[in-house]
Amino acid sequence: MHKSFKLLILSVLFGSWLCSYQAEAQTFGYVDSEFLLNKHPDYKLVQDELEALKDQWKKEAQNLDQEIKEMRASLKAEEVLLTEEMYQERLEAIREKEKEAVAFNNRVFGINGQYYQKQMELMQPLQSKIFDAIDKVCKRFRLAVLFDKAAGPTMIYTDPRHDYSEFVLQELGIEN
């Protein structure tokens with residue numbers, strides 16, 4: 001055989017072996033974090049606690065709104081009896097109450113508000129448990145990459161044989 005032909009055959013064989021080796025070495029899988037969360041018993045407790053807090057804070061916000069409506073109605077009803085100075089004082093009190101309501105809503109429901117912070121506080125231990133279980137599953141199955149199916153539109157196709165959600169549930173000790 002010609003020397004360059006032997007080199008070509010060797011390079012093709014080596015290249016196909018290398019591609020085969022790399023394909024085996026890089027194992028991929030995915031989990032569905034929504035599925036995992038909904039199956040975990042602690043998630044329901046977290047959701048219930050958050051819902052109770054949200055309802056409480058919504059009621060406080062509604063009470064502030066109701067106070068403002070009542071103040072406006074009272075001002076309108078007594079408008080003819082008030083001096084200009086008294087009218088302006090009450091109008092200023094309404095504006096202050098409106099500012100208080102906006103500040104309350106921002107403090108509780110705004111970006112990084114109390115609701116968001118409480119959600120993070122309650123979810124962190126659960127997320128840590130799930131992450132630890134995912135880490136163990138990845139090591140057990142020697143996965144190089146694990147995607148989260150629920151994380152967004154980045155996965156347009158998923159083969160169920162690569163779904164490791166059930167193994168993570170087993171690692172968490174949760175029966176499906």
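**Entry 1: the whole chain**

I began with contacts between residues at a separation of 6 or more; residues 24 or more positions apart account for 79% of them. I noted that the model is a predicted one. Next I looked up the secondary structure and found six helices and two strands. I read them along the sequence and wrote down the pattern α-β-α-α-α-α-β-α.

**Entry 2: surface and interior**

I looked up how much of the protein is buried. Of its 176 residues, 23% are buried.

**Entry 3: Ser165**

Is Ser165 buried or exposed? Ser165 counts as buried because its relative accessibility is 0%, and the cut-off for buried is under 20%. Then I asked which residues Ser165 touches, leaving out those up to four places away in sequence. I listed Tyr30, Val31, Asp32, Phe35 and Leu36.

**Entry 4: α5 against α6**

I stayed with α6 and checked how helix α5, residues 114–140, packs with it. The angle is about 115°, and the axes are 9 Å apart. I recorded the crossing of α5 past α6 as right-handed. From α5, I noted Lys129, Ile130, Ala133, Ile134, Lys136, Val137 and Arg140 in the contact. From α6, I noted Phe167, Val168, Glu171 and Leu172. I then sorted the residues of this contact by type: seven are nonpolar, four are charged and none is polar.

Conventions: Residues numbered from 1 in each chain as written. Predicted model: local features only at pLDDT ≥ 70, side-chain atom pairs only at ≥ 80, totals over all residues. Heavy atoms only, no water. Helix = DSSP H or I, 4+ residues; strand = E, 2+ residues; numbered from the N terminus. Buried < 20%, exposed > 50% of the residue type's maximum accessible area, 1.4 Å probe, protein only. Contact = heavy atoms within 4.5 Å. Axes fitted to C-alpha atoms, helices over the stretch in contact; angles between N-to-C directions. Left-handed = near helix turned anticlockwise from the far one by under 90°. Nonpolar A, V, L, I, M, F, W, Y, C, P; charged D, E, K, R; others polar.
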